[in-house]
Amino acid sequence: VLPPDFYTWQERLTKRHEDNHMNPAELQKRLETAGHELKEALNKSYFEYVVNKDLDLTVKIVDEIAHGSKSAEKNENAKSVAKQLLADLETFLAKNS
């Protein structure tokens, strides 16, 4: 399950960071781990991707996937979001390392 874009991802992480009193080093490590996991997932053909723009729709799509209904078009669209997130994350990490 992916955020719709890097900006939204950063907003969500910042909110969690503040709520959990995570220090900047922990946040940096979390971003690095997310990048590694995203890169690994993109190299495997068996992953399904879902973009979480709307919670109700996301739950519906995940339920459909869990029950064997897959949409190649939805998955490819979401996978392209994953690729863009990874590119944006790598740029962000390079600027903030």
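Modeller: Read along the sequence, the chain follows the pattern α-α-α-α, and its secondary structure comes to four helices and zero strands, where helices (H or I, at least four residues) and strands (E, at least two) are DSSP runs numbered from the N terminus. The model is a predicted one, in which local features need pLDDT of at least 70 and side-chain atom pairs count only at pLDDT 80 or more, while totals for chains, interfaces and linings use all residues. Residues are numbered from 1 along each chain as its sequence is written, and side-chain values use heavy atoms, with hydrogens and water left out.

The C-alpha atoms fill a box of roughly 40 × 30 × 15 Å along the principal axes. Of the 97 residues of the chain, 31% count as buried, a word that stands for under 20% relative accessible area, against over 50% for exposed and partly exposed in between, with a 1.4 Å probe and protein chains only.

H4 has 24 residues and reaches 35 Å from its first C-alpha to its last, close to the 34 Å expected at 1.5 Å a residue, the expected span being 1.5 Å times one less than the number of residues. Its buried residues are Asn75, Ala78, Lys79, Val81, Ala82, Leu85, Leu86, Leu89 and Leu93, and what covers them includes H1 and H2. Leucine 85, if residues up to four places away in sequence are not counted, touches Leu2, Pro3, Asp5, Phe6, Trp9 and Leu38.

Some of these names return at the largest pocket, which has a volume of about 460 Å³. Of the 18 residues that line this pocket, Val1, Leu2, Pro3, Trp9 and Leu38 are the closest to its centre, and H2 gives the most to the lining, with six residues. A pocket here is an open set of points on a 1 Å grid over the protein atoms alone, where a 1.4 Å probe fits, with protein on both sides within 12 Å along at least five of seven lines, and lining residues have an atom within 4 Å of a point; the volume is the space filled by probe spheres set on points joined across faces, edges and corners.

Threonine 58 counts as buried because its relative accessible area is 6%, and, leaving aside neighbours within four places in sequence, it is in contact with Val1, Val50, Val51, Asn52 and Lys53. By contrast, proline 24 lies in helix H2 and counts as exposed at 63% relative accessibility.

Terms used:
Contact = heavy atoms within 4.5 Å.
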